[in-house]
Amino acid sequence: MKKETKTKILFFVLLVGSVSMLTAVVTDHWAVLSPRVENVNTTCEAAHFGLWRLCKKQIYIEDAEFVGKACGPISLPGEINCSYFRHFTPGEDSEIFEVKTQREYNISAAAIAIFSLVFIILGTFCVLGSLRKGKDYLYKPAGMFFAFAGLCAIISVEVMRQSVKRMIESEETIWMEYYYSWSFACACTGFVLLLLSGIGLLLVSMPQIPRNPWETCTDAEPEQI
């Protein structure tokens, strides 16, 4: 396979990974939390949240078989109320949820995710610069930036996972059940695609391996680009 074809494939994979990570950062379906249903003919409050915002949904329960089980699923109809976390919007009223959420974990996950986006932007600039003739040496920094973006993505995912885990294990929590949703899956997808394609771009940028043992890299035939 020619080098030009390989780079086109890698650029497409990088585009998909970048869009996946951006989607994860700006959406609020990283985790879904459900409290225990205590009574029928009343509402229970399920929640889903991301790096910046919490959304609570009032779900009406009228079937006695749900008593003692987790509220939900979140896809059921109900009134939704969303608000940004107080540590990102100073001056607003605090909520009990924010105390039970490990604040330092949440801020760390958001900050690391922003670093991932910064690396993606830097890598994109390098890729755009490499499109000019004779600028393919920019593949190396582009590959490094995208690989770093992938590493930041998985670190952010793990920090968020630990945040949810500690919150659920807290004795004060009202949440009975939780699961990770599609924003979390987008972040994981971004990690895999960005890391692998970044490494791939680094490998593509390396000099061609000599065909014969006695050949040096400078003696090898130039690649057709």
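User: Is Tyr178 buried, partly exposed or exposed?
Analyst: Keep in mind that this is a predicted model. Tyr178 comes out partly exposed, because its relative accessibility is 32%.

User: And how many aromatic pairs are there?
Analyst: The count is six aromatic pairs. One of them joins Phe119 and Phe145: the ring centres are 6.3 Å apart and the planes sit at 25°, so this pair is stacked.

User: Which helices do Phe119 and Phe145 lie in?
Analyst: Phe119 is in helix H3 (residues 103–130) and Phe145 in helix H4 (residues 139–169), so the pair ties together parts 26 residues apart in sequence. Phe119 counts as partly exposed at 21% relative accessibility, and Phe145 also counts as partly exposed, at 23%.

User: Back to the tyrosines. What kind of pair do Tyr178 and Tyr180 form?
Analyst: Tyr178 and Tyr180 pair edge-to-face, with 5.7 Å from centre to centre and 80° between the planes. Tyr180 is partly exposed, with a relative accessible area of 26%.

User: Which residues do ring pairs link into a cluster?
Analyst: That cluster consists of Trp30, Tyr178, Tyr180 and Phe184, linked by ring pairs.

User: OK, cysteines now. How many disulfides?
Analyst: Zero disulfides. For Cys188, the nearest cysteine sulfur belongs to Cys186 and is 9.4 Å away. A disulfide needs the two sulfurs within 2.5 Å, and Cys188 is in none.

User: Buried or exposed, what's Cys152?
Analyst: Cys152 is buried, with a relative accessible area of 12%. Cys188, on the other hand, counts as partly exposed at 26% relative accessibility.

Key:
Residues are numbered from 1 along each chain as its sequence is written. This is a predicted model: local features need pLDDT of at least 70, side-chain atom pairs count only at pLDDT 80 or more; totals for chains, interfaces and linings use all residues. Side-chain values use heavy atoms; hydrogens and water are left out. Rings of Phe, Tyr and Trp (its six-membered ring) pair if their centres lie within 6.5 Å; planes under 30 degrees apart count as stacked, over 60 as edge-to-face and the rest as tilted. Helices (H or I, at least four residues) and strands (E, at least two) are DSSP runs, numbered from the N terminus. Buried means under 20% relative accessible area, exposed over 50%, partly exposed in between (1.4 Å probe, protein chains only).
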